Amino acid sequence: FLPQVDSTNAGRVLASDAAVFLKKSGLTDLVLGKIWDLADTDGKGILSKQEFFVALRLVACAQNGLDVSLSSLNLPVPPPRFTDTSSPLLLSGTASSDLPWAVKLEDKVKYDAIFDSLNPVNGLLSGDKVKPVLLNSKLPVDILGRVWELSDIDRDGMLDRDEFAVAMFLVYCALEKEPVPMSLPAALVPPSKRKPLSVPGAMPLIPSSTKESHQSLPPVGILAAKTPLTQ
């Protein structure tokens, strides 16, 4: 990665060059700002080679749902992923559109049933209709906010059937103590929303432990049981 941001081979990376490169990780500006602050230890706006590697490590942590903190640096994580097609660490020649969707068919049927019970309008649910379902999970509000941000893929303030399935999948992962990622893994992007090689921060499939625990989740109805179905 270093030659891409250190064109003069000076062994250091300027803030402006690093910002352009790190944005390709698909992480939010807020998260990237935190990563920069932790890596730029002396606050000079320039990263040494070692500090740049710290930044890359923190990007990998964020992409895999870990806390962006120096204590996460020693945790085992896959290499960071960037959308730059010249990056050797992108999924090797595999377009994101070829990845199987992480939401299993049998779970999608359950999520669709909840979706339909919430009276969608033109195939869409507003935030007001989704909010009670999310709150019934009893998850922390900041986690639910991230679930909404990740599942509203087209940023229209509404969830369609596939986006709602992503939200439910993330809620159940969180209920099983699985971390909610900072950016949506490529495998979680619904096939209907995919464009080849354009998914921010392409990442490996959801860990198998998530899939296994997903089978033993409580009935989906617990989320919607207390939700009034009429507004």
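The secondary structure of the predicted model consists of ten helices and four strands. Read from the N terminus, these elements follow the order α-β-α-α-β-α-α-β-α-α-β-α-α-α. The protein contains 231 residues, of which 45% are buried.

The packing of two helices was examined next. Two packed helices are described by the angle between their axes and the distance between the axes. Helix H5 spans residues 105-117 and helix H8 spans residues 161-175; their axes come within 9 Å and cross at roughly 115°. Angles from 65 to 115 degrees count as roughly perpendicular, and H5 and H8 are therefore assigned to that class. The crossing of H5 past H8 is right-handed. On the H5 side, the contact is formed by Lys108, Tyr111, Asp112, Ile114, Phe115 and Asp116. The residues contributed by H8 are Arg161, Asp162, Phe164, Ala165, Met168, Phe169 and Tyr172. Sorted by class, the contact between H5 and H8 comprises eight nonpolar and five charged residues, with no polar residue.

A disulfide is a covalent bond between the sulfur atoms of two cysteines. A search of the whole structure returned zero disulfides. A residue counts as buried when its relative accessible area is under 20%. Cys61 has a relative accessibility of 0% and is therefore classed as buried. Cys173, with a relative accessible area of 8%, is buried because this value also falls under 20%.

Lys138 has a phi near 65°, a positive value in a residue other than glycine. Lys138 is placed in the loop between helix H6 (127-135) and helix H7 (141-151). Lys177 likewise has a positive phi, of about 65°, although it is not a glycine. The position of Lys177 is in the loop between H8 and helix H9 (208-215). Exposure requires a relative accessible area over 50%. Lys138, at 60%, is therefore exposed, and Lys177, at 72%, is exposed as well.

Conventions: Residues are numbered from 1 along each chain as its sequence is written. This is a predicted model: local features need pLDDT of at least 70, side-chain atom pairs count only at pLDDT 80 or more; totals for chains, interfaces and linings use all residues. Side-chain values use heavy atoms; hydrogens and water are left out. A disulfide is a pair of cysteine sulfur atoms within 2.5 Å. Buried means under 20% relative accessible area, exposed over 50%, partly exposed in between (1.4 Å probe, protein chains only). Axes are lines fitted to C-alpha atoms, for helices over the stretch in contact, and angles run from 0 to 180 degrees between N-to-C directions. Helices (H or I, at least four residues) and strands (E, at least two) are DSSP runs, numbered from the N terminus. Angles under 35 degrees count as roughly parallel, over 145 as roughly antiparallel, 65 to 115 as roughly perpendicular and the rest as oblique. A crossing is left-handed if the near helix is turned anticlockwise from the far one by less than a right angle, and right-handed if clockwise. Contact means heavy atoms within 4.5 Å. Ala, Val, Leu, Ile, Met, Phe, Trp, Tyr, Cys and Pro count as nonpolar, Asp, Glu, Lys and Arg as charged, and the others, Gly among them, as polar.
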